[in-house]
Amino acid sequence: MTSTPKFPKRFVVIPQKTSVNLDEPQKITVVGLGQFTTRSPAARRSFQVAIAAPPGRGGGATQVKILAARPAALQPAPGLKVVKTSPTDCAVLVEGGNLSLTEVQEKSVPGAKVFQEQWYRLDRPARPWRKLSTELKKPRVKPGHGATYQVKVVVDGPKPIPLADALVTVMLNSAKGIGLEVRTDTEGIATFVLSKSTSELESVAVEPLHSAWPVALLSVSVPQSTLTVKVPALAIDEPDARNKVYGKAKIGDGKKVRVGVIDTGVGKHAALTVLGGMNTTGESATLYTDEEGHGTHVAGVIASSASGWRRGEAPKVELLSYRIFKSGAEYASTFDISTAIKQAAADGCDLINLSIGGAEDGAVKDAIDLAWEAGCVCIAATGNDGHDNVDYPAGYKRCLAVSAIGLEASWPAGTYIDWTLSKVTGKQIAGSQTFFASFSNRGSKVAMTAPGVAIVSTIFGDRWGVMSGTSMASPIATGVVARGLAGSLAFDLPRDAARSQAIVDLALANAEDLGFTASRQGKGLAR
């Protein structure tokens with residue numbers, strides 16, 4: 001991992017909201033920062049227009065929904081440069097140079113909300129060193145004193161197969177977070193540069209993106225030649241922790257429920273059907289497929305239509321993908337995240353999964369509140385730092401926060417997953433001992449828990465991979481909630497805040513007490 005990059009100072013400006021009942025959708029045009037006009041006499045005032053529910057999504061023609069706006073000819077106030085706009089509510093991302101938040105507020109339309117843009121990191125699969133250091137620090141190598149070393153990763157078997165895309169982490173000092181991460185190339189080789197004086201590595205961990213289980217070697221002498229690491233092959237026809245907890249889903253589970261995955265994109269994968277979505281990063285809006293792996297893995301535990309154990313919890317849901325990470329990016333803008341949430345709600349999503357984490361942010365909270373008012377509930381990962389407070393957006397009142405549990409003996413012996421074990425245990429499920437995942441954040445905001453250790457799911461390119469993290473627990477809970485919602489009275493309620501509350505009440509009422517404290521399990525296991 002690299003150090004946190006420096007981001008430009010920018011601000012999110014959200015126009016004031018006005019509730020409007022409409023029989024027909026209405027468009028507006030942005031003619032200036034803070035000046036919005038329609039064809040109606042109510043011109044040049046600050047507002048947010050609502051539209052009727054999307055066709056075929058229920059709720060009746062007069063149900064108030066979210067704006068469908070088409071910005072045009074933006075002319076910002078002096079000192080502000082418009083970077084991009086949100087198509088759902090005319091929120092604007094602006095560069096303000098050296099202006100303060102207060103100064104940007106003064107230049108914006110009266111009543112507008114203004115927040116400084118922040119950046120959320122992808123809630124990547126958990127790793128043990130994250131509890132000690134949020135980022136890896138590169139070891140110091142003096143000029144002329146470096147040496148190149150290689151690690152080759154192969155899938156174990158009669159004929160070992162080189163494995164591309166595996167993340168190789170060499171740790172020199174985990175207590176201080178000193179180490180390097182490199183992905184293997186097409187030949188399965190990861191190349192590192194270390195000081196010539198380095199004689200021993202604290203550990204070498206290999207986390208395959210697909211096709212194999214993770215392993216770790218401890219106290220490794222620096223190799224004079226290439227170090228070959230064999231990883232156990234992943235057998236996709238065997239049950240993982242999710243399967244042991246929930247069994248096999250029915251192919252019709254989740255029918256008519258619409259779920260938005262806000263992540264790195266989804267697919268392509270033969271087991272996933274993506275009905276639509278949006279890329280909100282400024283790249284092509286239709287580029288919402290995945291090239292990282294995380295988003296596709298998240299989507300698979302919700303909506304995979306594969307047979308047997310690899311079927312998702314709600315395979316019949318209508319799946320939409322909202323990509324908030326640019327190609328190769330480690331961070332997502334809170335403007336892009338908030339835009340995606342609002343777009344997902346405008347697209348008629350019933351549930352939104354957010355396997356991302358960061359600090360409190362007004363723009364993201366505003367979007368979650370907007371979705372809530374449209375009968376759409378956000379479900380989010382609590383985070384993978386082992387902390388006593390959950391990450392945001394999971395920490396918001398109108399968001400269901402999901403922690404992670406595991407089942408003992410739900411992964412092959414000798415794989416690099418034992419570190420997720422903890423002494424905090426709950427009730428047994430299917431004869432296996434549950435435990436609270438060592439990496440999972442906890443706290444008073446936790447609403448539910450779900451399996452998040454050694455989870456097998458889809459990876460783009462029709463592959464399968466294993467990941468651990470609250471990033472996996474959250475979508476599993478999302479799939480379970482979708483399955484319950486499909487057959488409930490709450491689904492047919494008018495799409496408003498009361499509907500969102502009914503969905504949450506249903507989810508929490510169905511939760512199963514596993515015997516953990518409320519700070520760990522909330523109301524219990526998603527059921």
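Which residue takes a positive phi just after H4? I looked, and Gly348 does, with a phi of about 85 degrees.

**Ground rules.** I am reading a predicted model, where local features need pLDDT of at least 70, side-chain atom pairs count only at pLDDT 80 or more, and totals for chains, interfaces and linings use all residues. Residues are numbered from 1 along each chain as its sequence is written, and side-chain values use heavy atoms, with hydrogens and water left out.

**Helix H4.** I stayed with this helix and noted that H4 covers residues 334–346. My helices (H or I, at least four residues) and strands (E, at least two) are DSSP runs numbered from the N terminus. At 1.5 Å a residue, the 13 residues of H4 should span 18 Å, and the end C-alpha atoms are 18 Å apart, so the two agree. The expected span is 1.5 Å times one less than the number of residues.

Is H4 enclosed or open? I found 13 of its 13 residues buried, so H4 is largely enclosed by the rest of the structure. For me, buried means under 20% relative accessible area, exposed means over 50%, and partly exposed is in between (1.4 Å probe, protein chains only).

At the N-terminal end of H4 I found a cap: a side-chain oxygen of Ser333 lies 3.0 Å from the backbone nitrogen of Phe335.

**Helix H6.** Next I checked H6, residues 470–486. Its 17 residues reach 24 Å from first C-alpha to last, close to the 24 Å expected at 1.5 Å a residue. I counted 14 of the 17 residues as buried, so H6 is also largely enclosed by the rest of the structure.

**Cis peptide bonds.** Where does Lys268 lie? I found Lys268 in the loop between strand S16 (258–263) and strand S17 (274–279). A cis peptide bond joins Gly267 to Lys268, with omega at about 15 degrees.

I also noted a cis bond from Tyr392 to Pro393, where omega is near 15 degrees. Pro393 sits in the loop between strand S22 (377–381) and strand S23 (399–407).

I placed Ser211 in the loop between strand S13 (200–207) and strand S14 (215–221). Its relative accessibility is 29%, so Ser211 counts as partly exposed.

Lys256 went into the notebook too, as a residue other than glycine with a positive phi near 80 degrees. I traced Lys256 to the loop between helix H2 (241–246) and S16. At 52% relative accessibility, Lys256 counts as exposed.

Definitions and conventions:
A polar contact is a pair of N or O atoms within 3.5 Å; within protein, one must be able to donate a hydrogen and the other to accept it, and residues adjacent in sequence count only if both atoms are side-chain atoms.
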